[in-house]
Number of protein chains: 2
Amino acid sequence: MATEATTGPSPINKTAHPFTRGALEDLLSRRFFYAPAFEIYGGVAGLYDYGPPGSALHANILHEWRKHFIIEESMLELDTTIMTPSPVFETSGHVARFADWMVKDTKTGDVLRADHLVEGVLEARLKGDKEARGVAATEEAEVDPKKKKKKAVKTTAVKLDDVVVQEYETVLNQIDNYTGPQLGELIQKFNIVNPDTGNPVDEPVQFNLMFDSSIGPTGKIKGYLRPETAQGHFLNFQRLLAFNNGQIPFASAQIGRSFRNEISPRAGLLRVREFTMSEIEHYVDPLDKSHSRFPEVKDLKLRFLAKDVQAAGRSEISEITVGEAVASKMVDNETLGYFLARIYLFLSKIGVDHDRLRFRQHMANEMAHYASDCWDAEIETSYGWIECVGCADRSAYDLTVHSKATGKPLVARQNLAEPIVEEKETPEFNLKLWGKTFKGDGDRVKAIVNGLGEDGLVKLRDDLSKGPVEVSDANGDKFTITPEMVKIEKKTTKISIREFTPNVIEPSFGIGRIMYSLLEHVYWARESDAARGVLSLPPMVAPTKCLIVPISNQEVFQPLIKDISSKLRAAGVYARVDDSGASIGKRYARNDELGTPYGCTLDFASVQNGTMTLRERDTTDQLIGKVDEVVEVVKDLVFGQLDWEGACKKLPKYTGVQDV
Amino acid sequence: MATEATTGPSPINKTAHPFTRGALEDLLSRRFFYAPAFEIYGGVAGLYDYGPPGSALHANILHEWRKHFIIEESMLELDTTIMTPSPVFETSGHVARFADWMVKDTKTGDVLRADHLVEGVLEARLKGDKEARGVAATEEAEVDPKKKKKKAVKTTAVKLDDVVVQEYETVLNQIDNYTGPQLGELIQKFNIVNPDTGNPVDEPVQFNLMFDSSIGPTGKIKGYLRPETAQGHFLNFQRLLAFNNGQIPFASAQIGRSFRNEISPRAGLLRVREFTMSEIEHYVDPLDKSHSRFPEVKDLKLRFLAKDVQAAGRSEISEITVGEAVASKMVDNETLGYFLARIYLFLSKIGVDHDRLRFRQHMANEMAHYASDCWDAEIETSYGWIECVGCADRSAYDLTVHSKATGKPLVARQNLAEPIVEEKETPEFNLKLWGKTFKGDGDRVKAIVNGLGEDGLVKLRDDLSKGPVEVSDANGDKFTITPEMVKIEKKTTKISIREFTPNVIEPSFGIGRIMYSLLEHVYWARESDAARGVLSLPPMVAPTKCLIVPISNQEVFQPLIKDISSKLRAAGVYARVDDSGASIGKRYARNDELGTPYGCTLDFASVQNGTMTLRERDTTDQLIGKVDEVVEVVKDLVFGQLDWEGACKKLPKYTGVQDV
């Protein structure tokens with residue numbers, strides 16, 4: 001039953017075999033990290049279920065996220081609803097604009113996402129060009145051809161003009177920057193057809209990505225499943241501020257499910273219709289976007305891809321410190337820079353390879369008009385660079401639009417050291433009449449009047465002196481005000497409190513994408529056998545921390561297994577027993593695939609002497625010690641108090657033949 | 001600034017003030033445990049957001065749940081999608097039957113839930129009868145009248161005949177047992193009208209409680225938001241079994257959001273349209289429903305309300321041991337009994353009052369036809385007895401129907417000690433022709449043939465000898481089989497493996513309901529002042545474990561605060577600082593309302609001597625010690641290693657005047 005080397009420690013060589021996505025996907029499916037949802041019903045594109053190791057890995061990443069962000073910075077956690085009535089997304093702009101451009105195959109009616117079509121076809125042509133020029137597309141050769149066939153456009157070796165190659169590359173470098181009509185022009189210009197059928201496609205049209213439904217039995221209340229958790233934060237701003245005793249800055253945080261009705265989901269966990277996000281909304285004074293903890297991160301070097309570089313069709317990275325990036329105004333402000341650094345630290349901590357992590361700035365057309373700056377943390381995978389975290393300065397946009405739509409203030413207050421004395425037009429409302437006339441809309445109509453400004457108020461006074469006046473809000477709803485309802489007068493006011501709408505810095509994490517990218521980074525195969533996969537997950541996020549494995553499934557081991565299980569549980573270490581009939585080697589291999597970092601093995605010596613061996617996943621090294629000693633070492637390893645080198649100093653090397 | 005007694009410990013009297021729901025709801029809203037979702041847009045009935053203390057309490061309950069169930073019993077955790085394609089719920093029966101009966105006001109068109117209408121009106125008449133007889137309805141007097149008015153039907157003091165009172169009570173005791181037409185008859189018989197308008201109502205009609213949507217851009221794939229997480233477990237059964245190395249029994253577990261489009265949500269968190277559930281599906285051999293850990297719980301006494309008692313219109317509790325309940329067959333089997341006990345232990349552990357907890361058995365009409373037994377854990381609140389956990393033996397129903405609908409086996413296998421030799425009709429398929437003809441439906445059509453039984457196979461052989469035969473499945477889909485496709489022959493087979501469909505025992509928890517009920521149980525007000533509410537949450541689930549409170553917000557305390565914060569964090573204790581300008585007494589009061597069990601107070605002596613005081617929430621007792629000693633005691637208190645009495649032995653009583 002010898003399946004592992006027994007003569008001394010195995011030298012680790014994590015790059016002995018080139019990465020193949022097919023092998024990783026096969027492992028993840030066999031070990032039930034995840035699987036297509038409703039698989040026995042044929043599945044639905046873009047919906048996946050997580051099995052036991054996938055759920056645990058996902059939960060552990062979230063646990064670290066909560067510690068790294070929420071607890072470390074005393075953020076205010078929220079849990080808001082997914083089902084959202086339509087007016088909220090009408091205000092936020094999602095009903096009008098949260099859409100992708102799709103094109104229809106003119107003959108089959110198949111629907112394709114316009115940008116993905118352009119991208120796929122141009123990439124295939126460039127690849128064909130390389131082949132024609134005899135340049136081996138090395139990275140392609142590494143990908144399982146069976147898997148690849150389904151996802152990418154078929155390549156034919158056709159040489160292109162140098163000018164065309166240059167043009168395609170420029171387009172691809174700014175593929176996220178095009179509007180629908182521009183994508184339509186590219187499709188025309190480059191003669192792009194549906195690669196599956198060879199048929200031409202229609203002009204791009206918009207498809208809203210929100211799932212809709214109806215709330216209640218009447219069918220009259222339209223609802224959407226949220227495509228992000230952010231609106232739930234903004235709507236609760238006033239309650240959050242009160243909870244924080246009125247103090248600014250502070251942050252709210254939420255972990256929750258969101259939904260996007262993708263046009264044609266592909267790329268496994270990277271583009272799905274239902275996913276877990278974690279979002280932070282950090283509220284700051286627009287006049288002061290400094291961050292008190294910025295000095296702690298300012299010397300950290302990150303890899304930046306700035307917008308001007310991309311707009312020029314290039315992709316060079318500048319590796320500079322966060323301090324330099326903010327000082328040069330490449331990154332707009334300290335708070336934004338602080339969060340980029342914190343995002344980097346989080347992703348590194350859970351095991352993402354920092355050489356395959358970059359921060360890409362949004363280009364002009366990509367970024368919402370109100371945003372002052374936006375960066376994506378992108379992780380490199382076999383699918384290319386994947387946006388895993390967005391980090392945007394959303395200015396005062398969200399709080400302002402919701403306040404306008406509802407007439408409810410969403411503002412913070414600051415006591416001024418020096419009061420400001422002002423003379424200004426002031427409306428005085430006849431509250432009783434106002435309430436009777438406008439009822440539930442009273443606050444909204446007040447907000448319209450209060451928002452008129454000096455000149456507007458003067459004009460309203462003049463108009464009212466002639467009779468009733470009709471006013472309207474941003475939605476076009478109209479209200480009639482009579483002269484009895486409001487008196488407008490110039491008044492002297494002493495302002496000792498400054499009222500302002502906070503700006504919002506928003507780091508937003510796609511946990512499934514981070515998880516999949518991480519799995520690609522930690523996967524490798526033993527030098528001895530390309531089929532023996534290992535997931536070198538850090539203990540912190542590994543689904544199971546320790547495997548307990550008796551040399552056979554005989555009854556004699558049961559009391560010891562029970563004892564060790566309960567000791568590890570008491571130490572807070574999540575362990576699992578594998579007492580199946582498979583050979584020790586097979587059981588180790590299974591747990592290497594599950595990413596379990598440590599294994600405690602029991603043999604007959606354990607029953608007699610109370611010793612057990614401790615195996616480390618990556619090196620397959622084994623140590624030996626008394627049960628209590630080993631439990632203590634495992635605990636320290638799992639909680640980061642000790643590394644394997646340290647463990648080797650605490651316990652003697654095991655030289656027996658047990659690990660076979 | 002004296003707001004708390006300073007002369008010795010306050011005697012606790014948790015029942016000095018009668019419970020009023022209004023006072024509790026006011027506290028929960030002010031402290032942002034939860035609030036109506038989209039409040040600034042006017043809200044939507046049945047949708048609530050959790051604020052910081054509510055999210056933390058909710059997360060802590062789930063954390064304990066995961067420890068108590070998943071980790072303790074090595075259950076296999078899952079995380080499956082909410083969005084579900086229609087065929088899944090067509091098979092499970094939800095599309096046809098997951099509905100409530102509603103009635104429409106014949107004039108206004110307002111929609112009411114039929115059973116709630118009958119219940120509300122009869123309860124109001126019984127209350128009126130009591131008033132007319134001069135019996136004070138004591139429990140009513142305790143409820144905030146303002147809140148009550150909105151929710152219940154108005155009472156008029158009218159005396160009823162004794163026979164009528166008896167009849168109403170009988171109906172109310174089995175209100176969950178009526179079908180829609182029966183509710184219609186009750187409405188006729190008792191002249192029930194819409195209490196809000198006085199108008200008659202229509203006949204009850206069914207309203208499906210699932211939210212629906214459409215998946216993808218074509219509009220052709222109908223989807224539903226799951227109303228429970230269970231189907232996600234069943235569909236993955238074969239993968240779960242493989243993960244468990246083929247061994248039975250085992251359990252899968254899932255925590256996740258579910259949705260029910262309630263007709264007229266009411267009663268706050270108790271009836272909502274979106275909620276978090278945690279569900280366990282425990283798979284057992286139908287021939288052996290014993291449980292290996294049953295002996296650990298068999299002597300535990302629970303309060304049972306059996307179905308025959310209810311069917312007789314009564315409501316007496318039998319308080320007997322789980323062992324007796326199973327032995328007498330009142331509870332169907334050991335595994336079901338084991339989970340009832342585990343549910344009881346979990347609810348008690350998090351702070352539910354066990355005298356206000358009972359297990360009610362479902363009556364015949366309430367229970368699904370396939371279930372062999374079902375019990376609800378009900379918790380008593382100001383709204384009455386509330387179903388918080390369901391625990392059903394669902395037999396082989398779910399796995400059987402999904403297997404039939406998809407043609408995929410959902411079965412377990414057992415090696416037989418003695419092989420069984422059988423002679424039986426056996427179909428032998430021409431796989432190539434079969435696949436070519438039926439393509440994706442091949443497995444389903446095979447399942448139809450395999451499911452015909454001995455007689456059916458003999459008949460099919462006869463029919464095929466005459467030419468092609470049409471067969472159909474449960475959905476009515478038809479397929480034509482030709483004689484070339486299958487050969488049916490009598491064969492002798494030796495069966496050494498028994499194949500069976502496991503039965504499922506399902507404990508299903510509504511976490512929001514448990515949380516609200518718990519809040520009612522732990523709420524009380526200080527004897528000195530009915531407005532000074534306290535939430536006596538166990539430390540295990542309290543949102544914040546320890547308050548750090550400097551006597552003033554002067555700069556001098558900052559280093560000490562930082563030091564203590566980091567020491568508590570290192571000890572794993574979640575603490576918050578309150579250095580707002582409010583008086584110490586006000587800050588304590590705020591944290592009593594938040595349920596924070598411990599408070600560490602810093603004064604100028606702390607800065608000089610490195611001491612601090614430790615305050616206990618319920619007694620308001622204070623102890624004093626060196627910072628490190630106090631941190632150690634807090635840690636032991638929070639992790640249940642020490643109770644307050646023990647703490648008083650470790651640290652001296654504080655007799656100064658700091659706590660004022």
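1. In which hand does helix 1 of chain B cross helix 19 of chain B? The crossing is right-handed. Note that this is a predicted model. Helix 1 covers residues 21-30 of chain B, and helix 19 covers residues 511-522 of chain B. Their axes cross at roughly 115° and come within 11 Å.

2. Now the residues at that crossing. Helix 1 of chain B brings Arg21(B), Leu24(B), Glu25(B) and Leu28(B). Helix 19 of chain B meets them with Tyr516(B), Leu519(B) and Glu520(B). Four of these contact residues are nonpolar, three are charged and none is polar. An α-helix has 3.6 residues a turn, so residues three or four places apart point the same way.

3. Chain A has a helix pair to look at too. Helix 5 (residues 114-132) of chain A packs with helix 9 (residues 180-189) of chain A at about 35°. The two axes are 10 Å apart. This crossing is left-handed.

4. From helix 5 of chain A come Ala114(A), Asp115(A), Leu117(A) and Val118(A). They meet Leu183(A), Leu186(A) and Ile187(A) of helix 9 of chain A. The contact holds six nonpolar residues, one charged and no polar.

5. Back to chain B, for helix 14 (residues 334-350). Its 17 residues, at 1.5 Å each, should span 24 Å. The end C-alpha atoms lie 25 Å apart, which agrees. Of the 17 residues, 13 are buried, so helix 14 of chain B is largely enclosed by the rest of the structure.

6. Check both ends of helix 14 of chain B. At the start, a side-chain oxygen of Asn333(B) comes within 3.2 Å of the backbone nitrogen of Thr335(B). After the helix comes Gly351(B), with a positive phi near 120°.

Notes:
Residues are numbered from 1 along each chain as its sequence is written. Chains are lettered from A and ligands numbered from 1 in the order in which they are written. This is a predicted model: local features need pLDDT of at least 70, side-chain atom pairs count only at pLDDT 80 or more; totals for chains, interfaces and linings use all residues. Side-chain values use heavy atoms; hydrogens and water are left out. Axes are lines fitted to C-alpha atoms, for helices over the stretch in contact, and angles run from 0 to 180 degrees between N-to-C directions. Helices (H or I, at least four residues) and strands (E, at least two) are DSSP runs, numbered from the N terminus. A crossing is left-handed if the near helix is turned anticlockwise from the far one by less than a right angle, and right-handed if clockwise. Contact means heavy atoms within 4.5 Å. Ala, Val, Leu, Ile, Met, Phe, Trp, Tyr, Cys and Pro count as nonpolar, Asp, Glu, Lys and Arg as charged, and the others, Gly among them, as polar. The expected span of a helix is 1.5 Å times one less than its number of residues. Buried means under 20% relative accessible area, exposed over 50%, partly exposed in between (1.4 Å probe, protein chains only). A polar contact is a pair of N or O atoms within 3.5 Å; within protein, one must be able to donate a hydrogen and the other to accept it, and residues adjacent in sequence count only if both atoms are side-chain atoms.
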